[in-house]
Amino acid sequence: MTYTTLRYEVSDGLLILTLNRPDMLNAFTVEMANELVDAYTRASSDDAVKAIVVTGEGRAFCAGMDLSVDGNVFGLDESLTPTLKDLRERFEDPAILYGVRDTGGRVALAMYTCRKPIVGAINGAAVGIGATMTLPMDFRFASDKARIGFVFGRLGITPEACSTWFLPRIVGMEQALEWLYRADIFTAQEAMEKGLVRAVVPPEQLLETACDFARSLITDRSPVSVALIRQMLYRNSALPGPAEAHRVESLAMFYTSIGDGKEGVSAFNEKRAAQFREKASAMPPFFPWFEE
């Protein structure tokens, strides 16, 4: 797929995914949402991609939803009167998918199900959806020029992009509530101090720092092991108890032990770098267990 709002560039195992509407401060549109869903889904099964680094072109990361478009600026069908029953029973019905489900949430779910680590390089303003789209990322780095804001309350709307699930898990309930109630813009330094970003670096060092960190996650690692670790931690940590985690871990250990695990043990005993051959595009037969 050729993208008009993104750049999809793969080199040496890294996908650099760049929001590319610099003249509009990379403002989010329905088209960008659809392209991001496609890009994350594509990367998940692309064996040339071992990890993903996301950044913005120009001086902004993403300045939020493009509010200049005609009609419902969020791309929703105002002729409908949807219910939770509709969302539960007709989740993939095109009328619900494109007319009711929030666009940021569709992106967040594509990120959540992705089999590759995702690292954010927040190079500038990240406001509204520009902030919430970073939450399903595994790690976030920010330029010291970055400014972040969960500003929904100022517009009389509510958080989206599954952020009410992700944000309290990252920074705790109290901090999440404060940022959402206040709806203020805050600095990258505050974001780091409150646990939202991992590090704040000068703008000229941001992308290199994020890429170096991403490479450290995947060098000499099994893509299948990495994919399972990502899904197991996000999903098992949300379970009500450890027994179901044990079931999933047992299957994961069983199948990895007869796959790349054999090479890993041999390499350890022979004191050499492992040559893992399993691919994230061909996962063990119990995957995806969460769709059963």
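What you see is a predicted model, where local features need pLDDT of at least 70, side-chain atom pairs count only at pLDDT 80 or more, and totals for chains, interfaces and linings use all residues. Residues are numbered from 1 along each chain as its sequence is written, and side-chain values use heavy atoms, with hydrogens and water left out.

The chain has 12 helices and 10 strands (DSSP runs numbered from the N terminus: H or I of at least four residues for helices, E of at least two for strands). Its radius of gyration, taken over C-alpha atoms, is 20 Å, close to the 19 Å from the globule rule for 292 residues, so the chain is as compact as a globular protein of that length. That rule is 2.2 Å times the number of residues to the power 0.38. Buried residues (under 20% relative accessible area, 1.4 Å probe, protein chains only) make up 46% of the 292.

Strands count as paired if DSSP finds at least two bridges between them.

Two of the pairings look like this:

| Strands | Sense | Bridges |
|---|---|---|
| β1 and β2 (residues 14–19) | antiparallel | 6 bridges |
| β3 (residues 51–56) and β5 (residues 118–122) | parallel | 3 bridges |

Glu9 has Ile16 in β2 as its bridge partner, while Val54 stands opposite Gly120 in β5. The β1 and β2 hairpin has 2 residues between the strands, and Asp12 there takes a positive phi near 55°.

Terms used
Buried means under 20% relative accessible area, exposed over 50%, partly exposed in between (1.4 Å probe, protein chains only).
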